[in-house]
Amino acid sequence: MHAMKWLCSLTVIAGLAIFFAPLLSAEPEGQPPAPLGLKPVPVPDDNPMTPDKVELGKMLYFDKRVSKDGTVACATCHDPKRGWAEDQPVSTGIAGQKGGRNSPTVINAAYATSQFWDGRAATLEEQAVGPVGNPIEMGNTMEAVVEKLSKIPGYGQRFQKVFGTGVTEKGFAQAIAAFERTVLSGDSAYDRFKAGDESALNDAQKRGLKVFEKSGCVNCHTPPLFSDYEFHNAGVGADQAKPDEGRKAVTKKDEDTGAFRVPPLRDVEKTAPYFHDGSAKTLEQAVALMAAGGKDNPHRSADFDAVREAKLTADDQKNLVEFLKALSGKYPIVDPPKLPE
């Protein structure tokens, strides 16, 4: 009898475990599952993701009415069809003005510990409002944006449904950030190789992986995101008449002169041109500069010494380029939605 009771109890427990397992393992509502190779997306407690919030964020992301003259949206410089970045060295803002930096990709930005090349925003929410007030980018103010969107009934209804308020700057930032947290890329050939599929990488890519790991590239371009999100000076643009200060503009520290955030390398094949100024037109050019340990200047980071001392050959660099192509994964291509009226 006792054995029978234990057996029945175990059967019930097993049944409950099977029933609840999908609920316990599922991603929160509105949050996409992390693709192969990536951990679950970190989501702040004060901005949980919901389908309605993500949809609102998508609308705001594509809406050019956010800019002062109605010509620029987030998607203008971070185009889903161009690797969620842009194929120009620097972006064009309102009135045809040229910015000073290349548009970084939104892909996997949800995992970044800071935003922008100089790390001036700590979160996606902070990043979302930055371009609005930039006189070269959208040239607007958040006060004017809130006023304009409040006059569009469709937005008023959606903000009320998502946040229980009218249009607000906080809601604007949270909705766009929620949408951007859905822009994930993984399940690349590299990820499948790491998961045990030896055939996922070709011979050149396997050689490139070894070079990547042994030459010191991996020290800054750390898997699984292929960035440690730290700031380093590689000498890019240091020879210009007025070099970009980079991180120094944020920290005011002289040692941060010309230092920029390590760019993540997933889908890097899709996001040319490269570096903060878009000065490398091809992946081959970018690899060559980094293989040389960057360009000498008074603030060049010692972190590049290991790569320089590795003395990578032309074949090594070719294999590195092939390996980087193996980091191209599966990310969403989103078409512009119908905007509220």
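Author: One term before we start: buried means under 20% relative accessible area. Also, this is a predicted model.
Reader: Okay. Is Cys-77 buried or exposed?
Author: Cys-77 has a relative accessible area of 12%, so Cys-77 is buried.
Reader: New topic. How many residues has the largest nonpolar core?
Author: It has 36. Leu-60, Tyr-61, Trp-84, Leu-149, Tyr-155 and Phe-172 have the most contacts inside it.
Reader: Which helices supply that core?
Author: Helices 2, 3, 4, 5, 6 and 7 each supply at least two residues.
Reader: Pick Leu-60. What is it in contact with, beyond its neighbours in sequence?
Author: Leaving aside residues within four places in sequence, Leu-60 is in contact with Val-66, Leu-149, Tyr-155, Phe-159, Phe-172, Ala-175 and Ile-176. Apart from this core lies another, of 31 residues, including Val-268 and Phe-275.
Reader: Why would such residues gather?
Author: In soluble globular proteins, nonpolar side chains tend to be buried together.
Reader: Back to helix 4. How many of its residues are buried?
Author: Seven of the 10 are, so helix 4 is largely enclosed by the rest of the structure. Among the buried ones are Leu-124, Glu-125 and Pro-131.
Reader: What covers them?
Author: The cover includes helix 5 and helix 7.
Reader: Now rings. How many aromatic pairs are there?
Author: A search of the whole structure finds 12. Take Tyr-61 and Trp-84: their ring centres are 5.7 Å apart and their planes meet at 55°, so the pair is tilted.
Reader: Where do those two lie?
Author: Tyr-61 is in helix 2, and Trp-84 is in the loop between helix 3 and helix 4, so the pair ties together parts 23 residues apart in sequence. Both are buried.
Reader: What about Tyr-190 and Phe-323?
Author: They form an edge-to-face pair, 6.0 Å centre to centre with 75° between the planes. Tyr-190 is in helix 8 and Phe-323 in helix 14, 133 residues apart.
Reader: Which rings form a cluster?
Author: Ring pairs link Tyr-61, Phe-62, Trp-84 and Phe-179 into one.
Reader: On to charges. How many salt bridges does the structure hold?
Author: There are 22. In one of them, Asp-244 meets Arg-101, with the closest N and O atoms 2.8 Å apart.
Reader: Where do those two sit?
Author: Asp-244 is in the loop between strand 1 and helix 11, while Arg-101 is in the loop between helix 3 and helix 4. They are 143 residues apart.
Reader: Give me another, in helix 2.
Author: Glu-55 and Lys-58 meet in a salt bridge, 3.5 Å from N to O. They are three residues apart in helix 2, so about one helical turn separates them.

Methods. Residues numbered from 1 in each chain as written. Predicted model: local features only at pLDDT ≥ 70, side-chain atom pairs only at ≥ 80, totals over all residues. Heavy atoms only, no water. Core = buried A, V, L, I, M, F, W, Y, C linked by side-chain atoms within 4.5 Å. Buried < 20%, exposed > 50% of the residue type's maximum accessible area, 1.4 Å probe, protein only. Helix = DSSP H or I, 4+ residues; strand = E, 2+ residues; numbered from the N terminus. Contact = heavy atoms within 4.5 Å. Phe/Tyr/Trp six-rings, centres within 6.5 Å; stacked < 30°, edge-to-face > 60°. Salt bridge = Lys/Arg side-chain N within 4 Å of Asp/Glu carboxyl O.
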